Amino acid sequence: MPGAVDPWKLVRARVAQQAHYLRNPLRPTPLLFFIEDHLGCVARAAHITRWSHVAVVPSTRGRSGEHPLRTLLGSRIGLPWVNFSVNPNIPSDVREFRADRFSVSDGEVRGAQVLLLDDTWTTGSRIQAVSYALKLAGAERVAAVVLGRHANPEWDGWKPILRQIKDQPFRLDTCLVHEH
């Protein structure tokens, strides 16, 4: 078909880019490709006209230093970062939503449209608590992008999902926002 894009050409180009970037000491990852290719899709789906801030769900397990996602993205995303305080009175193993788990620790977020990144989704309680803290501090909209999901193959709820995806390879050119 004239004008059609060969999807494998796109995949090969992305793989070549990834190989090139992995040799770079700054090491961009598929997350950066996702942001480059699909951040507009996420914004449209979340009814966000223009991102104003970016944030990462803080670790509650005592990780020292900057969150690895923030280190990876640094200033490349071109948005101010929102920082949070973690309530030390809530044990890290608590898995249910707690409205007081996080608070915005610095910066003005009133009216903000925040891109919220999380490295792993287990129960969703932490990303919900950070979203709540942002909204409580005045953020207008919060849209979350999660990199990974814990899936227990023994849990009955996961079995049909895992059966459905087991033969589908990961593709950099597929945007889940477009698929659903």
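Which residues of helix α4 are buried? In this predicted model, the buried residues of α4 are Ser-125, Arg-126, Ile-127, Ala-129, Val-130, Ser-131, Ala-133 and Leu-134. The protein chain that holds this helix contains 6 helices and 5 strands, and, read along the sequence, these follow the pattern α-α-β-α-β-β-β-α-β-α-α. Of its 180 residues, 33% count as buried, and among contacts between residues at least 6 apart in sequence, 72% join residues at least 24 apart.

**Helix α4 and the residue after it**

- Helix α4 covers residues 125–136, and its 12 residues reach 16 Å from the first C-alpha to the last, which is close to the 16 Å expected at 1.5 Å a residue.
- An α-helix has 3.6 residues a turn, so residues three or four places apart point the same way.
- After α4 comes Gly-138, whose phi is positive, near 110°.

- Not counting residues up to four places away in sequence, Val-54 touches Ile-77, Leu-79, Pro-80, Trp-81, Val-82, Val-114, Leu-115 and Leu-117.

**Nonpolar cores**

- The largest nonpolar core has 18 residues, and those with the most contacts inside it are Trp-51, Val-54, Leu-73, Ile-77, Trp-81, Leu-115 and Leu-117.
- Two or more residues of this core come from each of the elements α2, β1, α3 (68–73), β4 and β5 (141–149), with α2 giving the most, 5 residues.
- Apart from this core lies another, of 15 residues, which has Phe-84, Phe-102, Val-114 and Ala-129 among its members.
- In soluble globular proteins, nonpolar side chains tend to be buried together.

- Asp-118 lies in strand β4, which spans residues 113–121.
- Although Asp-118 is buried, it has no salt bridge, and the nearest side chain of opposite charge, that of Arg-126, is 7.9 Å away.
- Leaving aside neighbours within four places in sequence, Asp-118 is in contact with Val-57, Leu-69, Ile-127, Val-145, Val-146 and Leu-147.

- His-47 is placed in the loop between α2 (30–45) and β1 (53–56), and its phi is near 60°, a positive value in a residue other than glycine.
- Most residues other than glycine have a negative phi.
- His-47 counts as exposed because its relative accessibility is 57%, and the cut-off for that class is over 50%.
- Arg-163 is found in helix α5, residues 159–165, and it too counts as exposed, because its relative accessibility is 56%.
- Between Arg-163 and Pro-153 the separation is 10 residues in sequence and 9.7 Å in space, taken from C-alpha to C-alpha.

Notes. Residues are numbered from 1 along each chain as its sequence is written. This is a predicted model: local features need pLDDT of at least 70, side-chain atom pairs count only at pLDDT 80 or more; totals for chains, interfaces and linings use all residues. Side-chain values use heavy atoms; hydrogens and water are left out. Helices (H or I, at least four residues) and strands (E, at least two) are DSSP runs, numbered from the N terminus. Buried means under 20% relative accessible area, exposed over 50%, partly exposed in between (1.4 Å probe, protein chains only). Lys and Arg count as positive and Asp and Glu as negative; His and the chain ends are not counted. A salt bridge is a side-chain nitrogen of Lys or Arg within 4 Å of a carboxyl oxygen of Asp or Glu. Contact means heavy atoms within 4.5 Å. The expected span of a helix is 1.5 Å times one less than its number of residues. A nonpolar core is a set of buried Ala, Val, Leu, Ile, Met, Phe, Trp, Tyr and Cys residues joined through side-chain atoms within 4.5 Å.
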